[in-house]
Amino acid sequence: MQIKSRPKINIIINNEEPVTSSRNVAENFERNHRDVLKAIDTVKKDMGVAQNYADLFHETFYTHEQNKQQYREVLMTKDGFALLAMGFTGKKAIQFKLAYIEQFNKMEQRIKQQLDTSQLSPELQMFNKMFNSLAQQEIEMKKTVKKQEQLETKVDGIKDLLSMDAKNWRTEVNNIIKKIAVRQGGFDKFKEIANESYINLENKAHCKLDIRLENRRKNMIAQGMGKTTVKRLNKLDIISEDHRLKEIYVSVVKMMAIKYGLWEG
């Protein structure tokens, strides 16, 4: 792996903490952003319940300059970056790791730098403490309001997801899977997400869609239907023929939409 000799390290402040982005890491280490996201997902999986993933990584999205589509991006703290960068090897990779950590430390130091009030008069020190106390109360209040707004947005978004039109369920299911695919890296993820939905349906309904599809095609051939018509038959057609399967599948896709945070859209 060849790495750029001059990394453009971008450390920003998010929730009063220095972070860098998965896109910035991908650019500097000359890796596909999709591969960096996969590495982060692996870190999340390996962490288990021992550490809160949200303390180290923050899921977000960015808008592509050309197609204006939204794509997944992850902001990470210094500790999150350190966990991710463990998998990056080589002399230049080590140099870049050190460069990132150095920038993280500088940003942390900048945040910690405060006015030395020890030389102020007792009166000014008292006013300074009062001001800091009021400022902290306002910050905490804004955080509480923001959390409440986020909760209300989540509830409203989930309500919208759960109110799927039964008549147009196939169209809406496909739209949801497309949106999940985009947020997971692009439209080429559609097949992977669709397969996940079918597996979830099979597990919940205790059925095998491949077997049902094969049997249905055999019956169609026996009835003298054309090869093109038989080949066009898919798993959604099989699901639509069984009212119970259709209800379960719609429920499965709704839960996947919530799981992947589609309510945020």
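At 18% relative accessibility, Asp237 counts as buried, a class that comprises residues under 20% relative accessible area, with exposed meaning over 50% and partly exposed the range in between (1.4 Å probe, protein chains only). The structure is a predicted model, in which local features need pLDDT of at least 70 and side-chain atom pairs count only at pLDDT 80 or more, whereas totals for chains, interfaces and linings use all residues. Residues are numbered from 1 along each chain as its sequence is written, and side-chain values use heavy atoms, with hydrogens and water left out.

Asp237 forms a salt bridge with Arg170, the closest N and O atoms being 2.9 Å apart, where a salt bridge is defined as a side-chain nitrogen of Lys or Arg within 4 Å of a carboxyl oxygen of Asp or Glu. This pair links distant parts of the chain, since Asp237 belongs to helix 11 (residues 235-240) and Arg170 to helix 7, 67 residues apart; helices (H or I, at least four residues) and strands (E, at least two) are taken as DSSP runs numbered from the N terminus. In contrast to the buried Asp237, Arg170 counts as partly exposed, at 28% relative accessibility.

A search of the whole structure finds 13 salt bridges. Among them is the pair of Asp188 and Arg34, whose side chains meet at 3.1 Å, N to O; here too distant parts of the chain are linked, with Asp188 in the loop between helix 7 and helix 8 (190-205) and Arg34 in helix 2 (residues 33-47), 154 residues apart. Arg34 is partly exposed, with a relative accessible area of 32%. A salt bridge within one helix is formed by the side chains of Lys218 and Glu214, at 3.5 Å, N to O, and because Lys218 and Glu214 are four residues apart in helix 9 (residues 209-222), about one helical turn separates them. Glu214 has a relative accessibility of 44% and therefore counts as partly exposed.

For the protein chain as a whole, the secondary structure comes to 12 helices and four strands, and 33% of the 265 residues count as buried. Among contacts between residues at least 6 apart in sequence, 63% join residues at least 24 apart, a contact being defined by heavy atoms within 4.5 Å.

The packing of helix 7 was examined against two other helices. Helix 7 (residues 169-183) and helix 12 (residues 243-259) pack at an angle of about 30°, with their axes 10 Å apart; axes are lines fitted to C-alpha atoms, for helices over the stretch in contact, and angles run from 0 to 180 degrees between N-to-C directions. The two helices are therefore roughly parallel to each other, on a scale in which angles under 35 degrees count as roughly parallel, over 145 as roughly antiparallel, 65 to 115 as roughly perpendicular and the rest as oblique. The contact is made by Trp169, Val173, Ile176, Ile177 and Ile180 of helix 7 together with Lys246, Tyr249, Val250, Val253, Met256 and Ala257 of helix 12. By class, this contact of helix 7 with helix 12 has 10 nonpolar, no polar and one charged residues, where Ala, Val, Leu, Ile, Met, Phe, Trp, Tyr, Cys and Pro count as nonpolar, Asp, Glu, Lys and Arg as charged, and the others, Gly among them, as polar.

Helix 7 and helix 8 pack at an angle of about 125°, with their axes 8 Å apart, which makes helix 7 oblique to helix 8. In this contact Asn174, Ile177, Lys178, Ile180 and Ala181 of helix 7 meet Phe190, Ile193, Ala194 and Ser197 of helix 8, and the residues divide into six nonpolar, two polar and one charged. Ile177, which lies in helix 7, is buried, with a relative accessible area of 2%. Leaving aside neighbours within four places in sequence, Ile177 is in contact with Phe190, Ile193, Ala194, Ser197 and Tyr249. Ile177 and Met256 are 79 residues apart in sequence, and their C-alpha atoms lie 8.7 Å apart in space.

Most residues other than glycine have a negative phi. Glu30, although not a glycine, has a positive phi of about 50°; this residue lies in the loop between helix 1 (22-28) and helix 2 and, at 40% relative accessibility, counts as partly exposed. His206 likewise has a positive phi, near 55°, and is placed in the loop between helix 8 and helix 9, where His206 counts as exposed at 72% relative accessibility.
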